[in-house]
Amino acid sequence: MSIETPLRRGQDTTVQQTPMLEVTDLVVRYGRGRKAAAASAAVDGVSFTIQPGETVGLVGESGSGKSTIGKAILGLQKVSGGSVKFQGEDITHANSGKRRTTGSELRAVFQDPNSSLNPRKTIGASLAEPLRVRGISATDARTRAEDMLERVGLPRDAVDRYPSQFSGGQRQRISVARALICEPKLVVCDEAVSALDLSTQAQVLNLLADLRDERGLSYLFIAHDISVVQFLARRVVVLYRGQVMESGPAAAVTENPKHPFTQALVAASPVPRPAEQAERRAVRESLGIRTAAAAAATPGGCPFRQRCPLATELCATERPALRRVGESDVACHYA
Ligand SMILES: Nc1ncnc2c1ncn2[C@@H]1O[C@H](COP(=O)(O)OP(=O)(O)OP(=O)(O)O)[C@@H](O)[C@H]1O
Ligand code: SF4
Ligand SMILES: [Mg+2]
């Protein structure tokens with residue numbers, strides 16, 4: 001990724017205490033009844049934790065289950081197995097009443113700001129909505145909306161304008177303002193910068209890092225591009241077909257990937273300099289990883305085996321468990 005604005009990775013203020021989020025053996029199947037039982041799981045036994053003040057990056061190809069995990073945490077998707085704990089409290093099957101309580105502490109920023117901004121409402125009305133629900137007066141809510149808009153780099157009078165009067169990058173800043181106006185503890189950012197051009201991407205990433213450092217926020221930062229994730233995340237979880245292939249400190253996973261899929265993901269991630277890009281292309285070709293189109297979904301064994309040049313018979317029969325390799329946990333028999 002080309003960075004025109006200098007990016008700061010920021011400091012995570014992680015202290016060992018009750019995790020902010022604890023996802024354990026999460027399983028999500030789409031469909032209902034027999035259809036769901038017969039369907040292969042979109043998320044298949046995923047576990048990770050996020051500590052207070054920590055950013056965890058979730059990466060993987062399209063369809064690997066990243067958004068499904070985000071939705072399960074936010075209560076927007078029914079969970080088929082496993083658990084989700086938020087600040088030590090089990091919210092896996094929380095009803096809407098309980099979600100209303102956790103709702104202000106657990107917020108989201110999505111790729112498409114139009115999904116969180118009503119085109120027929122002024123920005124002020126959209127920002128004030130979650131505050132008004134919590135009994136804050138219209139005058140106070142307006143002032144807080146103006147303050148928040150100023151904090152994300154927009155003029156105070158943006159409160160009286162409509163979403164269509166802003167650029168994509170400005171709309172994404174407004175989405176960030178809307179997510180943060182209730183002073184949440186954890187924000188799920190699902191492809192929050194993916195639709196933006198590279199310099200706007202860098203500005204919004206810096207804004208997210210600054211807000212995190214100021215407010216001690218935790219993020220689950222979801223993206224398909226591992227180079228975007230590594231700027232914010234302290235730890236990275238790599239997903240393939242709903243399963244964790246590798247997880248560990250961001251530097252270890254991105255600079256010294258152990259799983260063949262992570263190696264392919266790093267080699268596929270775009271870099272600004274043509275010489276480096278050519279180098280990566282050569283690495284990618286030397287890995288001998290087959291394309292996603294070549295791999296049909298087949299149950300059992302390692303989910304990556306049809307694309308993996310190192311696959312053996314063992315890979316076809318036994319699903320590799322996550323095991324510690326260096327600083328990372330890796331699900332590969334031969335890592
Ligand atoms: N509402 C749904 N009904 C049925 N299947 C779904 C639904 N939403 C997602 N899926 C399937 O679940 C799997 C995971 O989808 P998900 O949207 O979580 O992937 P993703 O990693 O977020 O992909 P992308 O990078 O394209 O956003 C995919 O195979 C997808 O087709
Ligand atoms: S377990 Fe086998 S198929 Fe899977 S990534 Fe490792 S070597 Fe490749
Ligand atoms: Mg998605």
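Modeller: A crossing is right-handed if the near helix is turned clockwise from the far one by less than a right angle, and left-handed if anticlockwise. By that rule α4 passes α6 in a right-handed crossing. Keep in mind that this is a predicted model.

Colleague: What makes α4 roughly parallel to α6?

Modeller: The axes of the two helices cross at roughly 25° and come within 8 Å. Angles under 35 degrees count as roughly parallel. That makes α4 roughly parallel to α6.

Colleague: Which residues meet there, α4 against α6?

Modeller: On the α4 side they are Ile 123, Ser 126, Leu 127, Glu 129 and Pro 130. On the α6 side they are Ile 174, Ala 177 and Arg 178. By class, this contact has 5 nonpolar, 1 polar and 2 charged residues.

Colleague: What does α4 bring to the contact with α5, and what does α5 bring?

Modeller: From α4 come Ile 123, Leu 127, Ala 128, Leu 131 and Arg 132. From α5 come Ala 138, Ala 141, Arg 144, Ala 145 and Leu 149. The classes are 8 nonpolar, no polar and 2 charged.

Colleague: How do you know that α6 and α7 are roughly parallel?

Modeller: Take helix α6, residues 168-180, and helix α7, residues 198-215. Their axes come within 10 Å and cross at roughly 15°. The cut-off is under 35 degrees. α6 and α7 are therefore roughly parallel to each other. The crossing of this pair is right-handed.

Colleague: Which residues of α6 and α7 meet?

Modeller: Gly 169, Arg 173, Val 176 and Leu 180 in α6. The contact residues divide into 5 nonpolar, 3 polar and 2 charged.

Colleague: On to the rings. How many aromatic pairs are there?

Modeller: The count comes to 3 aromatic pairs, with ring centres within 6.5 Å as the rule. A pair of aromatic rings is described by the distance of the centres and the angle of the planes.

Colleague: Why is the pair of Tyr 240 and Phe 304 called edge-to-face?

Modeller: The ring centres of Tyr 240 and Phe 304 are 5.1 Å apart, and the planes stand at 85°. Planes over 60 degrees apart count as edge-to-face. So the pair is edge-to-face.

Colleague: What parts does the pair of Tyr 240 and Phe 304 tie together?

Modeller: Tyr 240 lies in strand β9, residues 235-240. Phe 304 lies in the loop between α11 (274-287) and α12 (313-317). So the pair ties together parts that are 64 residues apart in sequence. Both Tyr 240 and Phe 304 are buried. Ring pairs link Tyr 240, Phe 261 and Phe 304 into a cluster.

Colleague: Buried or partly exposed: what is Gln 306?

Modeller: Gln 306 sits in the loop between α11 and α12. Its relative accessible area is 27%. Buried means under 20%, and exposed means over 50%. Gln 306 is therefore partly exposed.

Colleague: What makes Val 28 buried?

Modeller: Val 28 has a relative accessible area of 0%, against a cut-off of under 20%. The residue lies in strand β1, residues 21-28. Leaving aside neighbours within four places in sequence, Val 28 is in contact with Ala 41, Ala 42, Val 43, Thr 68, Ala 72, Gln 77, Lys 78 and Ser 80.

Colleague: Which phi values deserve a look, at Gln 87 and at Glu 191?

Modeller: Phi of Gln 87 is near 50°, positive in a residue other than glycine. Gln 87 is in the loop between β4 (81-86) and β5 (89-90). At 33% relative accessible area, Gln 87 is partly exposed. Glu 191 has a positive phi of about 50° and is not a glycine. Glu 191 is in the loop between β7 (186-190) and α7. At 11%, Glu 191 is buried.

Conventions. Residues numbered from 1 in each chain as written. Chains lettered and ligands numbered in written order. Predicted model: local features only at pLDDT ≥ 70, side-chain atom pairs only at ≥ 80, totals over all residues. Heavy atoms only, no water. Axes fitted to C-alpha atoms, helices over the stretch in contact; angles between N-to-C directions. Helix = DSSP H or I, 4+ residues; strand = E, 2+ residues; numbered from the N terminus. Parallel < 35°, antiparallel > 145°, perpendicular 65-115°, else oblique. Contact = heavy atoms within 4.5 Å. Nonpolar A, V, L, I, M, F, W, Y, C, P; charged D, E, K, R; others polar. Phe/Tyr/Trp six-rings, centres within 6.5 Å; stacked < 30°, edge-to-face > 60°. Buried < 20%, exposed > 50% of the residue type's maximum accessible area, 1.4 Å probe, protein only.
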